[in-house]
Amino acid sequence: MASHILHRTTDRDLPVAVRGDGLYIVAADGRRYLDASGGPAVSCLGHSDAAVAEAVADQARRLAYAHTGFFTSEAAEELALRLTAAAPGDLDYAYLVSGGSEANEAALKLARQYFLEKGESARHRFIARRQSYHGNTIGALSVGGNMARREPYRPILMDWSHVSPCYGYRGQEEGESDAAYGDRLAAELDAEIRRLGPESVAGFIAEPVVGASLGAAPAVPGYFRKVREVLDRHGVLLILDEVMCGMGRCGSLYACEQEDVVPDILTCAKGLGASYVSIGAMLLSRRIRDAIAAGSGAFQHGHTYLGHPVAAAGALAVHRRLVDDGLVEGVAAKGALLERLLLERFGNHPHVGEIRGRGLFLGLELVRDRTTKAPFEPSVKLHQRIKRAALERDMICYPGGGTIDGVRGDHVILAPPFIAGDADLSEIVGRLGEAVDAAI
Ligand code: PLP
């Protein structure tokens, strides 16, 4: 039967996924796909978590929806309490949406409104980093620095500015220490704020560990603390996008815990619903909530499915599995094993320039020449070849490619579910090795 869905690509038929089984997605034809990246770092509990499925069904039976203009719900309240109690600093309030782009869209608007409430109406600009991704809606795409995704929409995007990402593999100069690199990037941010006029800048947005656009690239130690100092000096808000790297993926519930910084606004999504429900969250500091309470009294933003009880109940059950059942606690050790296996398989591989990441969020930088770091030509379409080669081996991984200031880079991300056992991790690395060799 012909499909009536506008799929992401129109050039091929997709297998029909019918069932989840732990780390595997089972298709209608019986093929079992090993999900080595949890889709795009979403399925942190695998595909058949009975406790989460039951919580979702139970909430749907009791109460599916109550408009947030009239009601709150037990599930949303309890989820917000859990998210904020576990969050660093004074991130004491949560705003529940349906995904990552929506969370970032809300964060940009909240930052703008915060300054309006305070009478600093000139603050409307945002700074982000090149080769970043914050979502596909117009505001989130406007701050994002993934040129390929932005290009077609340039005439309708808002014009916000970009500074260099913290991307040691290509950004750090020969012999430059981590500290000096962090200082240089902080100075660049400082200069950009001054160029724009500090009184006009509302926020700086960044991913603690960059996902889709750089391939699990963490910042050098101290970078985010230096960024925070610069922003504080100019009264600019720090928005951390943990949509992909948060919710335990990097080994701590919030990735920023490892950077020793507290943002003013933090967004999360993928692992929050763990693929069982469509949900995102924006956490905000008490200071921002108080400014709204003391001013207009209403956040000027809203969607029909805000704080959806079924989504909240699913995320609550996910949170219990992650925190109460100790799954996040296990991520660091599993991640260390996965990294060791990757080093064994790819440590001397002629086309692997770097193995990096945190926890169960690891990436390989793929290069034509490991010595010169010369990338593959765009025409090679390496990420598509790797995706295909992995699929031929019944495995899903998350390859990507892009350009920073004219320099190309290719990577592949592994983000297996936290329930993966040692044998699963070996199997993933084995199949990835075959796929990379077949694709290059
Ligand atoms: N922010 C980051 C860092 C992401 O990786 C993504 C999605 O990949 C988004 C935002 C957008 O999230 P969503 O696709 O749920 O809208």
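At what angle do the axes of helix α14 (residues 382–392) and α15 cross? Keep that in mind while you get set up. This is a predicted model, in which local features need pLDDT of at least 70, side-chain atom pairs count only at pLDDT 80 or more, and totals for chains, interfaces and linings use all residues. Residues are numbered from 1 along each chain as its sequence is written.

**Stop 1: α14 and α15**

Select residues 382–392 for α14 and 422–439 for α15. Helices here are DSSP runs (H or I, at least four residues), strands are runs of E (at least two), and both are numbered from the N terminus. Two packed helices are described by the angle between their axes and the distance between the axes. The axes of α14 and α15 come within 8 Å and cross at roughly 130°. That makes α14 oblique to α15. Axes are lines fitted to C-alpha atoms, for helices over the stretch in contact, and angles run from 0 to 180 degrees between N-to-C directions. Angles under 35 degrees count as roughly parallel, over 145 as roughly antiparallel, 65 to 115 as roughly perpendicular and the rest as oblique.

The crossing of α14 past α15 is right-handed. A crossing is right-handed if the near helix is turned clockwise from the far one by less than a right angle, and left-handed if anticlockwise. Now show the contact residues: Leu-382, Arg-385, Ile-386, Ala-389 and Ala-390 of α14, with Arg-431, Leu-432, Ala-435, Val-436, Ala-438 and Ala-439 of α15. Being in contact takes C-beta atoms, placed from the backbone, within 7 Å. This contact has nine nonpolar, no polar and two charged residues. Ala, Val, Leu, Ile, Met, Phe, Trp, Tyr, Cys and Pro count as nonpolar, Asp, Glu, Lys and Arg as charged, and the others, Gly among them, as polar.

**Stop 2: α13 joins α15**

From α13, pick Lys-334, Leu-337, Leu-338, Leu-341, Leu-342 and Arg-345, which meet Asp-422, Leu-425, Ser-426, Val-429 and Gly-433 in α15. By class, this contact of α13 with α15 has six nonpolar, two polar and three charged residues.

**Stop 3**

Next, select the ligand. Of the 15 residues around the ligand (C-beta atom, placed from the backbone, within 6 Å), Gly-99, Gly-100, Ser-101, Val-243 and Met-244 come nearest. The shell holds six nonpolar, seven polar and two charged residues. Helix α4 (residues 100–117) gives the most to this shell, with three residues.

Follow α4 to helix α11, residues 286–294. Their axes come within 9 Å and cross at roughly 55°, so α4 and α11 are oblique to each other. The crossing is left-handed. Leu-110, Gln-113, Tyr-114 and Glu-117 in α4 meet Ile-288, Ala-291 and Ile-292 in α11.

**Stop 4: two single residues**

Is Leu-237 buried or exposed? Select Leu-237 in strand β10, residues 237–242. Leu-237 has 26 C-beta neighbours inside 10 Å, so Leu-237 counts as buried. The cut-offs are 20 or more other C-beta atoms within 10 Å for buried, 12 or fewer for exposed and partly exposed in between, with C-beta atoms placed from the backbone. Finish at Gly-69, in the loop between α2 (50–62) and α3 (74–86). Gly-69 is exposed, with 8 other C-beta atoms within 10 Å.

Methods: Contact = placed C-beta atoms within 7 Å.
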